[in-house]
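Subject: Handing over the structure

Hi,

Here is the structure I promised to pass on to you. Have a look at it first, and then read on for what turned up.

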Amino acid sequence: MQKIALITDSACDLDLDTLKENNINLLPLRIIYSTGDYRDRLDVSPNEVYENLHKEIPKTSLPSAEETEQILNKLESEGYTHVICISISSGLSGSYNALRLALEDHPKLTSFVY
């Protein structure tokens, strides 16, 4: 029997409640300020980013490899057989390619990355 998991990065713009209600796994993009590195939507909200734009324009980066690996290992341990990943455009971020490469190390998961 197939068991299908959904993964998206925080560029999806879905709130945490919607993600939780629909059992969608979140890979947060990283928001980088001079004061530190924060996980989008988990450590810093979009409103906080907007409110602080006059102080500093942050840089962004793809989700951490460690967090990606943790989610994929969790899905395997929970018996998932397939993963559908929806990420921000590969032309805008390395998220797509990072997900694709991480999934190559998980042959038990049939994956589709969009």
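To start with a question: how does the lining of the largest cavity divide by class into nonpolar, polar and charged residues? There are five nonpolar, two polar and one charged. (Ala, Val, Leu, Ile, Met, Phe, Trp, Tyr, Cys and Pro count as nonpolar, Asp, Glu, Lys and Arg as charged, and the others, Gly among them, as polar.)

Before going further, please note that this is a predicted model, in which local features need pLDDT of at least 70 and side-chain atom pairs count only at pLDDT 80 or more, while totals for chains, interfaces and linings use all residues. Residues are numbered from 1 along each chain as its sequence is written, and side-chain values use heavy atoms, with hydrogens and water left out.

On a 1 Å grid over the protein atoms alone, a cavity is a set of points where a 1.4 Å probe fits but cannot get out; a pocket is an open set with protein on both sides within 12 Å along at least five of seven lines, and lining residues have an atom within 4 Å of a point. Grid points are joined across faces, edges and corners, and a volume is the space filled by probe spheres set on the points.

The residues around the largest cavity are D9, L27, L62, P63, T68, S95, A98 and L99. Helix 4 (residues 95-104) contributes the most, with three residues. (Helices, H or I with at least four residues, and strands, E with at least two, are DSSP runs numbered from the N terminus.)

D9 itself belongs to strand 1 (residues 4-9). D9 is buried yet has no salt bridge, and the nearest side chain of opposite charge, R41, is 8.5 Å away. Here buried means under 20% relative accessible area, exposed over 50%, and partly exposed in between (1.4 Å probe, protein chains only). Lys and Arg count as positive and Asp and Glu as negative, with His and the chain ends not counted. A salt bridge is a side-chain nitrogen of Lys or Arg within 4 Å of a carboxyl oxygen of Asp or Glu.

**The pocket and R41**

The largest pocket has a volume of about 220 Å³. Its lining includes S10, D13, D40, R41 and Y50, and helix 2 (residues 46-51) supplies the largest share, three residues. Six of the lining residues are nonpolar, two polar and three charged.

R41 sits in the loop between strand 4 (36-39) and helix 2. Because its relative accessibility is 16%, R41 counts as buried. Its phi is near 75°, a positive value in a residue other than glycine. N23, in the loop between helix 1 (16-21) and strand 2 (24-27), also has a positive phi, about 55°.

**Salt bridges**

How many salt bridges are there? The count comes to six. One of them pairs R30 with D37 at 3.0 Å, N to O; R30 is partly exposed at 22%, and so is D37 at 40%. R100 and E104 meet in another, at 3.1 Å. These two lie four residues apart in helix 4, about one turn of the helix. Salt bridges that share partners also join R39, D43 and E67 into one network.

Enjoy exploring it!
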